[in-house]
Amino acid sequence: MDERSNSSQSSQCITPTRSGRKLQLSAVLASVPMAIVALGIFVICVAYSVVLSFTKSKLFPNLNWVGLDQYDRLWGSARWLTSVENLMLYGVLFIILCLLSGFLMAVFLDQKVRFESGFRTLFLYPYAMSLVVTGLVWQWMMEPSLGIQNVVQKLGWESFQFAPLVDSDYAIYGVLIAAVWQSSGLVMALMLAGLRGVDGEIWKAARIDGIPTWKIYLFIVVPMLRPVVITSVVLLAVGVVRVYDLIVAQTGGGPGMATEMPAKFVIDHLTGRSNVGLGMAAATMMLLPVLVVIGPWIYREYVRPAKR
């Protein structure tokens with residue numbers, strides 16, 4: 001009987017193993033088309049773009065090798081240096097303001113307020129709009145003769161000034177307002193999901209100890225939301241590097257070069273200026289910060305847990 005039972009148990013162990021292998025094989029075959037697309041579109045195209053950055057390509061790509069000449073021209077260009085400075089200022093303020101506003105909106109909704117679903121839709125709605133529409137809406141709102149400034153002055157406050165897009169010193173902040181308005185809803189949704197995942201017993205224990213609510217959020221809840229914050233920063237940082245639509249719709253890079261950005265520099269040199277080599281050199285430089293941001297995140301989310 002023992003031998004029969006052992007034989008039966010071994011056959012039961014073998015059967016799931018075979019079915020598991022068949023399932024794994026099916027999963028691998030199903031993922032082949034996606035892998036081919038990812039390899040063809042992303043890896044090969046990115047590698048080809050990097051190769052073109054070392055060539056003298058003009059209107060059409062060619063393989064006339066010029067070494068690092070395109071990078072020398074790129075970093076000697078005042079327009080590129082201005083766009084990098086604008087991107088750094090815009091990126092730092094954009095990420096900080098989105099995290100702050102998104103967290104505050106999430107805390108507000110976490111208080112179980114009435115009409116929560118309505119407020120949630122209201123906060124998240126701007127994220128559903130395209131960046132082109134967002135740029136055009138805020139361009140009209142900041143237009144001196146049509147927008148907020150005109151309305152307030154007609155109400156009697158004639159000295160009121162709010163037209164940052166026509167001033168080269170403040171135009172980047174006008175773009176920043178529109179970008180934060182558009183993206184804060186995404187951070188709010190992520191933060192709210194994180195807040196709802198906090199164990200209720202932690203809140204009870206903190207309140208029994210008499211800890212003020214703001215200290216509970218600041219010193220207990222926020223450290224627990226660290227993965228959500230990291231994910232939000234990665235998503236916002238990628239959006240910062242590739243910002244283009246909003247700039248074109250709202251300011252076109254002006255006035256002067258006040259709102260010029262690296263993505264616009266790349267597109268302009270690929271299309272209007274017919275300088276593929278210089279445009280690809282700029283695109284390669286844009287790829288580096290993306291890798292610096294996403295690389296540690298991929299390691300933390302996928303590689304390190306696998307080692308555990």
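How many of the nine residues of helix H12 (residues 262-270) are buried?

Author: Bear in mind that this is a predicted model. In H12, seven of the nine residues are buried, so the helix is mostly covered. The buried ones are Pro262, Ala263, Lys264, Phe265, Val266, Asp268 and His269.

Now for the packing elsewhere. Take helix H7 (residues 171-196) and helix H10 (residues 226-241): their axes come within 10 Å and cross at roughly 160°. Angles over 145 degrees count as roughly antiparallel, so that is what H7 and H10 are to each other. The crossing of H7 past H10 is right-handed. On the H7 side, the residues that meet H10 are Ser183, Leu186, Val187, Leu190, Met191 and Gly194, and their partners in H10 are Val228, Val229, Ser232, Leu235 and Leu236. Sorted by type, this contact has eight nonpolar residues, three polar and no charged.

Met191 turns up again in the largest nonpolar core, which has 41 residues; along with Tyr90, Phe94 and Val221, Met191 is listed there for having the most contacts inside the core. H7 and H10 each give two or more residues to this core, as do helix H3 (78-109), helix H8 (200-208), helix H9 (213-224) and helix H11 (245-250). If you zoom in on Val221 and skip its neighbours within four places in sequence, you'll find it in contact with Leu195, Val198, Trp203 and Ile216. There's also a second, separate core of 14 residues, with Val84, Leu278, Ala281 and Val290 among them.

How values were computed: Residues numbered from 1 in each chain as written. Predicted model: local features only at pLDDT ≥ 70, side-chain atom pairs only at ≥ 80, totals over all residues. Heavy atoms only, no water. Axes fitted to C-alpha atoms, helices over the stretch in contact; angles between N-to-C directions. Helix = DSSP H or I, 4+ residues; strand = E, 2+ residues; numbered from the N terminus. Parallel < 35°, antiparallel > 145°, perpendicular 65-115°, else oblique. Left-handed = near helix turned anticlockwise from the far one by under 90°. Contact = heavy atoms within 4.5 Å. Nonpolar A, V, L, I, M, F, W, Y, C, P; charged D, E, K, R; others polar. Core = buried A, V, L, I, M, F, W, Y, C linked by side-chain atoms within 4.5 Å. Buried < 20%, exposed > 50% of the residue type's maximum accessible area, 1.4 Å probe, protein only.
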